[in-house]
Amino acid sequence: MREKKVYEACRRLLTVCSHCKEDENILIVTDETSMDMGLAIWDAAEEFHNKTMVMMETRKMHGEEPTPLVEAAMVKADVIFRATTFSLSHSMAKRRACAAGARDLNCNDYDYKMLESGGLYNDFEGQSKRDCDQIAKGFEGGDQVHVTTKLGTDYYCSIKGHKIFPQYAMSLNPGDSSSPPDVECATGAIPGTAHGKIVVDGSITHPYLGLLKQPIVVYIENSFCTKVTGLVDGVEQDTEESKLFEKALAEGDQLKGDTPGMYRIGELAVGLNPAASLCGRMLEDEGCYGYMHCAFGNNETDNQDFILHIDMMFSGATMTVDGKTILKDGVVVYD
């Protein structure tokens with residue numbers, strides 16, 4: 001039964017999520033610690049005779065560049081499946097491959113549980129797509145964003161002029177990039193405009209953390225993190241997890257050079273896949289309906305030279321754009 005479900009999930013990646021054609025050049029990129037996921041996709045691609053799989057050493061963080069040979073293969077591919085431990089989504093290699101016309105699918109940090117049930121079995125072309133379009137409509141032309149939660153999140157930023165990224169978990173056209181089963185609509189805080197606090201009660205996409213035992217509170221001023229603490233029974237105090245998050249940010253920031261880096265908040269996104277459930281795996285967690293996420297690091301606006309990216313998932317958010325509510329207690333609001 002397990003083998004059947006794994007095969008079915010990988011077939012959905014090859015068909016529903018990418019519309020692969022028999023004569024296309026299909027590239028599966030994997031690494032030492034995710035090779036079983038790469039092989040699962042390979043086995044499901046039995047009729048695609050122009051498929052190729054390449055393996056590299058496991059990267060150390062999301063956004064780190066692949067080897068030059070892997071990048072060269074990506075640029076030549078029609079469709080890319082990235083079954084890696086850490087995401088290459090914010091890498092220059094992925095951007096160059098999409099600019100060359102590749103359809104790109106991020107499959108990082110998959111495990112067998114994700115292939116057997118959950119978000120990959122969502123109706124990606126149905127209500128999830130409509131919800132994604134609705135949030136994009138709410139972001140379009142907007143300026144001032146305000147996000148609150150019952151746990152105490154009170155976060156403000158401007159998104160004026162920022163790109164909007166509806167993610168449908170499908171890459172159907174040249175240059176498309178997606179991360180099935182992650183259905184989300186994202187934008188980002190314009191540098192210098194973000195302030196307030198975010199109470200993170202879901203998960204944080206870093207090897208030190210994952211699913212959180214206790215909420216973590218992050219304070220923001222002028223788009224930079226100024227304080228990290230924990231929340232225990234409603235009282236802010238340092239916890240083991242908050243200290244680990246501080247360590248993760250500090251280690252990432254050491255790599256920045258002269259570029260504003262890990263402590264800058266950027267992405268602002270809404271998860272929209274009702275079949276997904278929080279599990280500590282990035283692509284399942286980011287897409288969970290009822291959760292929002294913000295991220296430190298790469299901002300897709302002026303911070304593209306800094307490749308690292310750490311997402312923070314939190315539940316039950318209410319969000320307004322220029323005073324209009326587009327998300328209420330985690331639920332998409334329609335006009």
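Student: Why does Met35 count as partly exposed?

Tutor: In this predicted model, Met35 has a relative accessibility of 34%; buried means under 20% and exposed means over 50%, with partly exposed in between, so Met35 at 34% counts as partly exposed. Met35 is found in helix H2, which covers residues 35–44.

Student: What makes Met35, Leu39 and Met55 a nonpolar patch?

Tutor: A patch takes residues with over 30% relative accessible area and no salt bridge, and nonpolar side chains are joined within 5 Å. Met35, at 34%, lies above that cut-off of 30%, and together with Leu39 and Met55 it forms a nonpolar patch on the surface, with about 250 Å² of accessible area in total.

Student: Why is Thr320 called buried?

Tutor: The relative accessible area of Thr320 is 18%, and buried means under 20%, so Thr320 is buried. Thr320 is found in strand E19, and, leaving aside neighbours within four places in sequence, Thr320 is in contact with Gln144, Val145, His146 and Thr325.

Student: How do you know that strand E6 and strand E10 pair?

Tutor: Two strands pair if at least two bridges are found between them, and strand E6 (residues 154–158) and strand E10 (residues 195–200) have 3 bridges, in the antiparallel sense. On Tyr156, the bridge partner in E10 is His195.

Student: What makes strand E15 and strand E21 the edge strands of the sheet?

Tutor: The open sheet of 9 strands has the order E15-E14-E13-E10-E6-E5-E19-E20-E21, and strand E15 (235–237) and strand E21 (331–332) each pair on one side only.

Notes. Residues are numbered from 1 along each chain as its sequence is written. This is a predicted model: local features need pLDDT of at least 70, side-chain atom pairs count only at pLDDT 80 or more; totals for chains, interfaces and linings use all residues. Side-chain values use heavy atoms; hydrogens and water are left out. Patches are made of residues with over 30% relative accessible area and no salt bridge: like charges are joined within 9 Å, nonpolar side chains (Val, Leu, Ile, Met, Phe, Trp, Tyr) within 5 Å. Accessible areas come from the Shrake-Rupley method with a 1.4 Å probe; for residues, only the protein chains shown count as cover. A salt bridge is a side-chain nitrogen of Lys or Arg within 4 Å of a carboxyl oxygen of Asp or Glu. Helices (H or I, at least four residues) and strands (E, at least two) are DSSP runs, numbered from the N terminus. Buried means under 20% relative accessible area, exposed over 50%, partly exposed in between (1.4 Å probe, protein chains only). Contact means heavy atoms within 4.5 Å.
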